[in-house]
Amino acid sequence: MNETNETTTDQTGQEKEPQAQRRLPRGQVTIFPNWCKGCGLCLEFCPVGVLEQGSDGRVIIAHPEKCTACRWCELHCPDFAIFVTDIEPSPEEEIA
Ligand code: SF4
Ligand code: SF4
């Protein structure tokens, strides 16, 4: 975590305020297995590969740590079988 409040100068010599710290968005994915028909839409739309097809054809959360809470899976599920909630990042996950 960058705790400094140093100002910097741009190419014109003007002072710039330090950039506000941004946080990496993260999400927690939940699947209702009884509602999932295994169509695979959610895992096709997931841009970071959180989801995989399980041995029974239904979707499993294979890499939960990768979820960015974009909600593409939730938006495309025709059966409302998957939903995502935001996770507040820890200070260690902040980026400058
Ligand atoms: S919210 Fe986005 S990143 Fe997370 S599982 Fe769904 S599609 Fe993937
Ligand atoms: S889109 Fe919905 S029904 Fe289709 S595999 Fe994903 S969770 Fe299951």
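I began with ligand 1, which is surrounded by 15 residues, and I noted Cys-46, Val-50, Cys-67, Cys-70 and Cys-73 as the closest of them. I keep in mind throughout that this is a predicted model. When I sorted the shell around ligand 1 by class, I found 12 nonpolar, 2 polar and 1 charged residues. I then looked up which elements supply this shell, and β4 (26–31) and α2 (72–76) each give at least two residues to it.

Next I turned to ligand 2, where I counted 13 residues around the ligand, with Cys-36, Cys-39, Leu-41, Cys-42 and Cys-77 coming nearest. The shell around ligand 2 divides into 9 nonpolar, 2 polar and 2 charged residues.

I also followed Thr-68, which I located in the loop between β6 (59–61) and α2. Setting aside neighbours within four places in sequence, I listed Pro-25, Arg-26, Gly-27 and Val-48 as the contacts of Thr-68. The C-alpha atoms of Thr-68 and Cys-46 are 9.6 Å apart, although 22 residues separate the two along the chain.

Last, I checked the protein as a whole, and recorded 2 helices and 8 strands, which run β-β-β-β-α-β-β-α-β-β from the N terminus on. Of its 96 residues, 15% count as buried. Among contacts with a separation of 6 or more, I noted that 54% join residues 24 or more positions apart.

Definitions and conventions:
Residues are numbered from 1 along each chain as its sequence is written. Chains are lettered from A and ligands numbered from 1 in the order in which they are written. This is a predicted model: local features need pLDDT of at least 70, side-chain atom pairs count only at pLDDT 80 or more; totals for chains, interfaces and linings use all residues. A residue is near a molecule or strand if its C-beta atom, placed from the backbone, lies within 6 Å of it. Ala, Val, Leu, Ile, Met, Phe, Trp, Tyr, Cys and Pro count as nonpolar, Asp, Glu, Lys and Arg as charged, and the others, Gly among them, as polar. Helices (H or I, at least four residues) and strands (E, at least two) are DSSP runs, numbered from the N terminus. Two residues are in contact if their C-beta atoms, placed from the backbone, lie within 7 Å. A residue is buried if 20 or more other C-beta atoms lie within 10 Å of its own, exposed if 12 or fewer, and partly exposed in between; C-beta atoms are placed from the backbone.
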